[in-house]
Amino acid sequence: MIRRIAMVVSLVGVVLALAATAQADFRFERVGVSLTGPDGQFSRQAGAHPDFTFSIELPSDPSPVIGGEPAPAGPTESVHSIDLDLPPGLVGDPTGVATCDPIDLANPAGGLAACPVASQLGIAHVFTNEEHTVGIYNIAHGPDVPARFGFNVLGVVNVIDARVRPGDYGISSGSLALSQAQPIRSADITFWGVPTDPSHDAQRSEVPPRSTDARRVPFLSAPTSCSSTPAAFTARGDTWEHRGVFDTRVLTTDIDGTPLTFEGCDRLPFTPAVDVLPLAKVADAPTGLTVDLKVPQSDDPDGLSTAHVRQVVMKFPDGMSVSPSSAAGLGACSPAQIGLGTNDAPSCPTSSKLGKVTIETPLLDDPLTGDIILATQNDNPFRSLIALYLAVKGPGFYVKLPGKIDLNPVSGQLTATFDNTPQLPFSRMLVQFPGGAQAALATPTTCGSYNTHVEITSWASSTPVGLDSPMTIDQNCSSKPFAPSFTASTTNTLAGQYSRFLFALTRSDGMPFLQRIDTELPKGLLADIGSVTQCDPSSANAGSCPAASRIGTVAAQSGPGSQPLALTGGVYLTGPYKGAPFGLSIAVPTAGQAGPFDLGVVVVRAGLYVDRKDAHVTVKSDPLPTIIQGIPLRLRQVRLTIDREKFMFNPTSCASQSIFGSFGALGGAVSDQKVTFRLGGCRGLDLKETFKFKLRGSKSTKDGTSPSLEAAVTQKPGGTNIAKVEAKLPLALVLEPKNAQALCKPEQAAKFSCPKSSIVGTASARSVLPHDLNGPVYFVEGRRTTKTGRVVSTLPNLWIPLSGDGVTIDLNAKSQVDSIDRLVTTFSAIPDAPIKSFKLKINGGKHGILVVVGKSTCKRDMTFDLRITGQNGLVHTKTAKPAIDGCKKAAKAKKTTGRR
């Protein structure tokens, strides 16, 4: 970006050429530089426009002998190339100087340059066998060099090309293949700070004096940074006789030994301005962005240059963040592809280019254009999640600058920093990020006035200039209540059948962000938990559960606009979690799905809580992630599909139910919703249960004894689940509460704290859990409230809390007598769950609550009359004779009627 032709000076010296005797290697006899002001003294003022002189002298043989005859003194070797690196910040602006056609510089007919007077930039004093003073001209050039200069000594044209160094972006100038036509011994090359100044008229053109009416503008400008460390010029040269063997000199003082330091940086003008404007003014939407940074440049030849920009820190307003929607199809550029510190063309993929950059500099006729490029995550100069490269092409060079993006981990606020920018002047830098559904940024979620704070620091001062650029978001401002769209269903609508389960929750733009999902499933919508390997806690938390634990998939959409980023993952069954007997690990890997980003595996845990009264399941999620590594997710949709084969199954009741959802938003808003859940096909389900009873005890047949009662129920798959069982005991068995050690009071049972002394038996059940459910049978005092409000005692009831695998299911049985004094035990609220087997034992003996009355039970009718009601309303009535210790084998249970 800077045509610092000043450096060309060193090349000019290279024009020397010649001679004969070769020595071991080339050495400058003398090398020096000077920067002088109008008073002829060293100019220390930063940003001033001094004259610059580069001087060289070559070793020579004062008394050479050629062919046995004395010859004129001359250099011992012929110079091949001379190159000079100017310190960063020392720049030349040839755009304000007229140009000379290369043909006019060569001027074959005249032997001396015939360039326009206004194109002269300086003067060259060249000593061969005699002294020559010629003009140095600004030469018209092609697109591959930022500037070209030349001079003509007796028809020999010497060309100096300027170039921008990669790395520090200082200017280097050189002649890389000098002519050997003339025996140059020394040269003083001077570039004028203000070429059109009348003070140079006496030295202007090949036939002085001549003046020019061209506008007075500065050409050379001193660095705009002040440091106690001297600036350094580096000169290199080699000869035709020893090509590649360079004499390199680093010069930190001028010809008189004065350190090349600069002062007066506080005097330099620096009045930058910036506009940061989103392309969209819609709340909660993807947006492009325009950053327009202007740095007015001073072209006063009697004044000082504008200080060069060293650092730009841009802090975007809260609420404006990276848009996840931009990640789809996005690429990134590796260090090898960008090639920082080299002048190689970047080979970054097109998909990594986020926007366009245009830089206007006073040093070039045309603006520099290029791209803003996304750097590879963590593999960039900052080892950061997000970094950018600014890459623009100039004539024969590239400027490639890294920029760091800091993300606030809590709010997602963006801060962009470009530091140690080149010490080159620019008047305008325009950065444009395109808009559209996949724009890089997202606007705040609410309308209002926002401010981008920019701090711009120059090389002349450590104190930044603070600027504020306001923006307004004033569209789509109507506040949207938190009411996400909720759907849930099974794909198979037949009762009792295996089915996939579908859940979807969708938030629209402008609505508060999702944070919590609780879902209450209908009674009977369960899963075969015991058939799945449970993921261990560490793997569940890390999102690395095995395939054997997988029960479904999750699909999420993240980001604003019409094309949010789509991500998929797995749903895995886990063991106990946060007080729930089972849990879910919902794991979404971002690698390979979020463009070039790998934010790890996003894991959301959830507990599966089983209601102890009716076994319905409630799924409670942990808070959903709203921001990951500083990128707000702006979650738009969550879809779960439980699709493991023969895992989830429908209720066997066709009664209309609901799936309830309670959804929380960031900020506290809650939306409670429900969707209707209803099945068909219940009439096709039969009751497939078998009941068996036993009376045990050596004296279980005698009057007054208390046998133990064992009941066993089995159920074949494919039918309706049992909803209610009414069992009428034979007249020979009566209830005797006084035998019990104690009765549990109803208030104790309500708190699940019945005393052990009230236990009268045990029970176990096998269902779809990994292990059996087991529990005691409590004898609970019966109470009834009359219409008048009086509490009266009734027969004691049974309470059976069955527990296993962290699940507890309460079975309650009410006791009463019918019109002929038969004891009737009724289980009236059995959960809609498949029961592979159920076993109940009522203890006998001293504290047995069942007592034989009358004749021996072997000689009496001991029939149990059963009325079984299915969840689908089907009713079976059966009789069953118990097996009695000491009596003959009981008859099989008999089905007598079946009706709905």
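Here is what to select, stop by stop.

This is a predicted model, so to speak of local features we ask for pLDDT of at least 70, and side-chain atom pairs count only at pLDDT 80 or more, while totals for chains, interfaces and linings use all residues. Residues are numbered from 1 along each chain as its sequence is written, and side-chain values use heavy atoms, with hydrogens and water left out.

Start by colouring on pLDDT (the predictor's confidence in each residue, from 0 to 100). The chain averages 91, and 93% of its residues reach 70 or more. Residues 1-24 stay under 50.

Now show the aromatic side chains: there are 13 aromatic pairs (Phe, Tyr or Trp rings, using the six-membered ring of Trp, with centres within 6.5 Å; planes under 30 degrees apart are stacked, over 60 edge-to-face, the rest tilted). Select Phe-52 and Phe-233, a stacked pair at 5.5 Å centre to centre with 10° between the planes. Both are buried (under 20% relative accessible area, with exposed over 50% and partly exposed in between, using a 1.4 Å probe and protein chains only).

Next, pick Phe-486 and Phe-503, a tilted pair, 5.6 Å centre to centre and 55° between the planes. Phe-486 counts as buried because its relative accessibility is 6%; Phe-503 does so at 8%.

Then select Phe-149, Phe-191 and Phe-219, which form one aromatic cluster.

Last stop: Arg-612, whose charged end sits over the ring of Phe-752, 3.6 Å from its centre (the cut-offs are NZ of Lys or CZ of Arg within 6 Å of the ring centre and within 35 degrees of the ring normal).

Technical notes
Contact = heavy atoms within 4.5 Å.
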